[in-house]
Amino acid sequence: MNAAAGTRMESVYETLRTELLNGQLVPGSKLKMIDLAERFSASQSVIREAVTRLAEQGLVVATPQRGFRVRDLSIEDIEQLTEARVEIEALAFRLAIQRGDMHWETSVLSTHHLLERTPVAHADGRFNEEWPVRHRDFHSALLSGCANRRIDDIAEALRDGAELYRRWYWALTDDHGRDLSGEHHRLKDLALARDADAAVSLLSDHIQRAPLQLIKYAREHGADALDRPAAPRRART
């Protein structure tokens with residue numbers, strides 16, 4: 001692929017990725033190469049390269065003889081992923097509170113400070129792409145004091161796997177009464193107070209709220225159609 005085609009592919013990729021994460025492309029919907037090529041005034045090879053990159057990230061699924069489609073909103077996958085996150089992150093957080101030193105406390109404070117000052121959305125209603133970065137940094141800091149790289153790596157991988165569902169939660173559900181900033185503030189305070197039981201309980205509720213809302217949305221929009229695996233079964237890492 002020449003430089004011009006590569007630049008075009010990047011533009012198509014970034015646009016489609018944003019639309020996927022913001023719920024503008026409906027879960028399970030088919031991505032038609034001809035329609036996309038016409039929309040972006042690009043060759044089908046450029047479109048295919050961009051969509052293939054999305055498939056590599058798990059945002060798009062390639063189906064033999066049927067092309068590409070947006071990843072399904074799978075109730076089964078959400079439930080299993082959430083269960084794993086609650087168990088692993090609770091363990092890591094409890095260990096972090098027990099073992100975390102002054103550097104851990106400083107990291108929790110600084111990442112929370114940045115998150116607190118980063119709005120979820122811009123004034124025009126568009127999702128603020130800086131927010132998930134700050135959000136990830138804060139949650140990573142909370143667990144970083146566990147002093148167990150294996151556990152920390154598993155927690156990070158599970159949290160990454162939840163990113164698409166998290167974005168769909170923002171785009172598709174109606175949970176405007178949630179005080180997300182307050183939840184993060186309390187997590188920070190409980191961590192620094194070394195109140196492991198209360199902190200772990202709050203983190204578990206914090207992790208589960210978005211998945212529960214998304215499952216509710218899925219069932220309201222036809223659970224039979226949405227309750228199939230998002231991808232072929234394989235070992236999750």
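Cavities and pockets in a predicted model

Q: How much space lies in the largest cavity?
A: The structure considered here is a predicted model, and a search of the whole of it finds two cavities of 30 Å³ or more. The space that lies in the largest cavity comes to about 250 Å³.

Q: Which helix gives the most to the lining of the largest cavity?
A: There are 19 residues that line the largest cavity, and the closest to its centre are Arg-85, Arg-166, Ile-207, Ala-210 and Pro-211. At least two residues of this lining are supplied by each of helix H4 (75-99), helix H6 (130-144), helix H8 (163-172) and helix H10 (196-220). With five residues, the helix that gives the most is H10.

Q: How many residues in the lining of the largest cavity are charged?
A: When the residues of this lining are divided by kind, twelve are nonpolar and four are polar. The charged residues of the lining of the largest cavity number three.

Q: Which helix provides the largest share of the lining of the second largest pocket?
A: The second largest pocket has a volume of about 270 Å³, and the residues that line it include Thr-18, Leu-21, Arg-167, Trp-170 and Ala-171. Helix H1 (3-21) and H8 each supply at least two residues of its lining. The largest share, three residues, comes from H8.

Q: How many residues in the lining of the second largest pocket are nonpolar?
A: Among the residues lining this pocket are Asn-22, Val-120, Phe-127 and Glu-129. The lining of the second largest pocket holds three polar and three charged residues, while the number of nonpolar residues is six.

Conventions:
Residues numbered from 1 in each chain as written. Predicted model: local features only at pLDDT ≥ 70, side-chain atom pairs only at ≥ 80, totals over all residues. Heavy atoms only, no water. 1 Å grid on protein atoms, 1.4 Å probe; cavity = no way out; pocket = protein on both sides within 12 Å on 5 of 7 lines; lining within 4 Å. Points joined across faces, edges and corners; volume = space filled by probe spheres on them. Helix = DSSP H or I, 4+ residues; strand = E, 2+ residues; numbered from the N terminus. Nonpolar A, V, L, I, M, F, W, Y, C, P; charged D, E, K, R; others polar.
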